[in-house]
Amino acid sequence: MKRKIPVVPCSGIGKSLGAAAREAAYILAEDLRPDKTKVVPLSLLVMGDEDARGEVAGGEAVAIDGCKLECAAKGLACSGASKVHKVAVFDVVRRHRGLKPEGVCDLNEDGLKLARATADEAAKIIDAPGGEGSHA
Amino acid sequence: MPNLPRKKVGLISCSGEEMPEGTVTRRAVRKVLETLHPDDTVTLCLPLFLAGGEGERAFARYYPTIAIDGCDKRCAALATQKYSAKPAASIVVTEIAKECGCKGMGSARRLNAEGLRLTDEVAGKIVDETNRLLRKKPRDVQRGVGGGKP
């Protein structure tokens, strides 16, 4: 069975962009590319959980970060991923200037649109030629 | 009279994005922060804490913290202890789910009604612990805290 690409979202609970990152990871792994991706929690990775690290070690992974601190990307880089594809919600929102995401537990409509746009960008990375996710 | 910093309690929630219990921790913490105890609590970001956020770590060294974990791996509690100081209280959602007979709380992405009920239970526990740490009256005495959607 082919390995699923781990998707690690931001775990922040203080800002809408963190919530959008998390929602984007769910959209990607549950709706857009369920056969190719799976959500892996950042905290388990950073705390050294063997199962979580096993999912990541030696392969490509996608980090979806909410802010410039890029905790997810840094956590993946320290967990043995061979290549970390970064998707930054704070960049995506700049490309969709009309969106005003709000809410943390429950994103507003713009927040959900931003999450979808972020997930779409991540899906393109998964499908890109040469990436693990591009193989049938 | 000097203007001393107000004593606050730091809430550190699990980031378990792959399990509904993780979602329960985040919703419960936001509920306490936004509506139940907004003046007495702050949230500390677990990934930032783990990534070396000095502000988060310093807070947890000098102020009481409550770790709210989704499962018995207790990432939030262990991380707090490892990088700052032992949390003053630790709450585990799976234990509370057993206590209140909560089963089938929905998915990590969308909690169902049972998951939201569990969220209220967990938020109530956080309020109890916050009151204990700040030596405030228990929530049974106070009114206006407890149930309802966030």
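At what angle do helix α1 (residues 16–32) of chain A and helix α6 (residues 109–127) of chain A pack, and how far apart are their axes?

Reply: First, the ground rules. This is a predicted model, where local features need pLDDT of at least 70, side-chain atom pairs count only at pLDDT 80 or more, and totals for chains, interfaces and linings use all residues. Residues are numbered from 1 along each chain as its sequence is written, while chains are lettered from A and ligands numbered from 1 in the order in which they are written.

Now your pair: α1(A) and α6(A) pack at about 55°, with their axes 8 Å apart (axes are lines fitted to C-alpha atoms, for helices over the stretch in contact, and angles run from 0 to 180 degrees between N-to-C directions; helices are DSSP runs of H or I with at least four residues, strands runs of E with at least two, numbered from the N terminus). The two helices are therefore oblique to each other (under 35 degrees is roughly parallel, over 145 roughly antiparallel, 65 to 115 roughly perpendicular, the rest oblique).

Which residues touch? On α1(A), they include A:Ala20, A:Ala24 and A:Leu28, and on α6(A) A:Leu112, A:Ala115 and A:Ala119 are among them (contact: C-beta atoms, placed from the backbone, within 7 Å). By class, the contact has 13 nonpolar, three polar and two charged residues (Ala, Val, Leu, Ile, Met, Phe, Trp, Tyr, Cys and Pro are nonpolar; Asp, Glu, Lys and Arg charged; the others, Gly among them, polar).

Chain A also touches its partner: 25 residues of chain A are in contact with 24 residues of chain B. On the chain B side, α1 (20–36), α2 and α4 each supply at least two residues, and that side has 12 nonpolar, five polar and seven charged residues.

Over in chain B, six helices and four strands make up the secondary structure. Its open sheet has four strands in the order β2-β1-β3-β4, with parallel pairing (strands pair if DSSP finds at least two bridges between them). β2 (41–44) and β4 of chain B are at the edges with a single partner strand each, so one side of each has no neighbour in the sheet. Ignoring direction, neighbouring strands are turned by 25° against each other on average. Between β1(B) and β2(B) there are four bridges, and B:Val9 has B:Thr41 as its bridge partner in β2(B). α1(B) packs on this sheet, touching β1, β2 and β3 of chain B, and its direction makes about 160° with that of β1(B).

Technical notes
Two residues are in contact if their C-beta atoms, placed from the backbone, lie within 7 Å.
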